[in-house]
Every structure is written in C-alpha cells, then in structure tokens.
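The plan is to look things up bit by bit and jot down what I find.

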Amino acid sequence: MPDTVFILNGPNLNLLGTREPHIYGTATLADIEGDCRSLASRLGLAIVFRQSNHEGDLVDWLHEAHAEGARAVLLNAGAYTHTSIALHDAIKSISVPVIEVHLSDPDTREPFRHLSYVGMAAADCVKGLGRRSYLVALERAAAL
C-alpha cells in the first residue's frame, strides 16, 4: 500500500459539525472525509479514513499502516494528543511517517493543550487551518 495514506481520527471527532462550532467549524467528519477523498484522487493516492473514541483502536491502526506499508498517516488524535504516551510509543515504533493534524491551533488554547505527546513523535504537524488542515497534511504526505 505505498500509495495509501491512513487518516485516523480520535475521540469526539465523530461530533464535528455540532461540537463547539465556534472552535471546530460546522463541517462534519463526513465532509472532511469527502474533501480528503477528492484531493487524494487528484493526487493519485488511496486513503483509509477511520475514527474511534478508543485509544487502542488508534494504536492498532498505526500498527496496521506500518504492516501494510502505507505512505503516511495523518493523525488527529483529539484529546489523546495531550495524554497518550501509548500513541507516542506507537508512532515511534513504526517506520511510516505520521503527520499530526488539528483543526484548531492547540497552542492558542488552554495551557493543557500546549503539550503534544503525538507531536513529540510525529514527523510534521498541520494545525489551525480548520478543515483545510487535513488537505494541507495530505498534500505533504503525497510529497513524501
């Protein structure tokens, strides 16, 4: 799967569109998936797009991306960004580059959001661009 990018989404992202739209916008996760599929098609990439509220699922999917030889992983780990040493260790354990993605800019929000365990292991980060964060990250993944 060298031309496949895994796009993994963590807790509460299934509520996009209704969850704090003043922070995250009104686009749903399905809208973002549609944007990503359209761009991936133009870039000649396949995508695997998933969401889970469970940390272990995200760890398993990172391992799967590695086992299948994916080109890259885009990871919006949601709140796990700031708490999950398990995700940090999973990213460090695989050879697939991981790009951290955020709709908002965590550095401009509550102080607890300034720490990113995901970011300590990720190859790159795109944040603060709303739904465009995913597209910019996907373009970066295509260039790898």
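Predicted model: local features only at pLDDT ≥ 70, side-chain atom pairs only at ≥ 80, totals over all residues.

**Entry 1**

I started with the strands. Five of them form an open sheet, and the order across it is β2-β1-β3-β4-β5, with parallel pairing. The edges are β2 (46-51) and β5 (124-127), and each of these pairs on one side only. I also looked up the twist, which averages 20° from one strand to the next.

Then I zoomed in on one pair. Strand β1, residues 4-9, runs parallel to β2, and six bridges join the two. For an example I picked Ile7, whose bridge partner in β2 is Phe49. Next I checked helix α3 (residues 55-67), which packs on the sheet and touches β1, β2, β3 (72-76) and β4 (98-102). The direction of α3 makes about 175° with that of β1.

**Entry 2: the cysteines**

How many disulfides are there? The count is zero. I wanted the reason, so I looked at the sulfur of Cys36: the closest cysteine sulfur, in Cys125, is 15 Å away, and that is too far for a bond. The cut-off I needed here is 2.5 Å between the sulfur atoms.

Is Cys36 buried or exposed? Cys36 is buried, at 0% relative accessible area. Cys125 is partly exposed, at 28%.

**Entry 3: salt bridges**

I got a count of six salt bridges, and I wrote up some of them.

Asp3 and Arg71 meet through their side chains at 2.6 Å, N to O. Asp3 is in the segment before β1 and Arg71 is in the loop between α3 and β3, so this pair ties together parts that are 68 residues apart in sequence. I noted Asp3 as partly exposed, with a relative accessible area of 38%.

Arg131 and Asp35 form another salt bridge, at 2.7 Å, N to O. Arg131 sits in the loop between β5 and α6, while Asp35 belongs to helix α2 (residues 29-43), and the two are 96 residues apart. Both came up as partly exposed: Arg131 has a relative accessible area of 35%, and Asp35 has 22%.

Lys127 and Asp105 make a salt bridge at 3.9 Å, N to O. I had to think about whether that counts, but the cut-off is 4 Å, so the pair makes it. Lys127 is in strand β5 and Asp105 is in the loop between β4 and α5 (117-121), 22 residues apart. Lys127 is partly exposed at 33%, and so is Asp105 at 23%.

**Entry 4: Ser133**

Which helix holds Ser133? I found it in α6, residues 132-142. Ser133 is buried, with a relative accessible area of 0%. I skipped its neighbours within four places in sequence and listed the contacts of Ser133 that remain: Val101, His102, Leu103, Val126, Lys127 and Gly128. Lys127 is a name I already had in my notes, from its salt bridge with Asp105.

**Entry 5: Asp89**

Asp89 is partly exposed, at 41% relative accessible area. I took the C-alpha to C-alpha distance from Asp89 to Ala72 and got 17 Å, for two residues that are 17 apart in sequence.

Terms used: Residues numbered from 1 in each chain as written. Heavy atoms only, no water. Buried < 20%, exposed > 50% of the residue type's maximum accessible area, 1.4 Å probe, protein only. Pairing = 2+ DSSP bridges. Helix = DSSP H or I, 4+ residues; strand = E, 2+ residues; numbered from the N terminus. Axes fitted to C-alpha atoms, helices over the stretch in contact; angles between N-to-C directions. Contact = heavy atoms within 4.5 Å.
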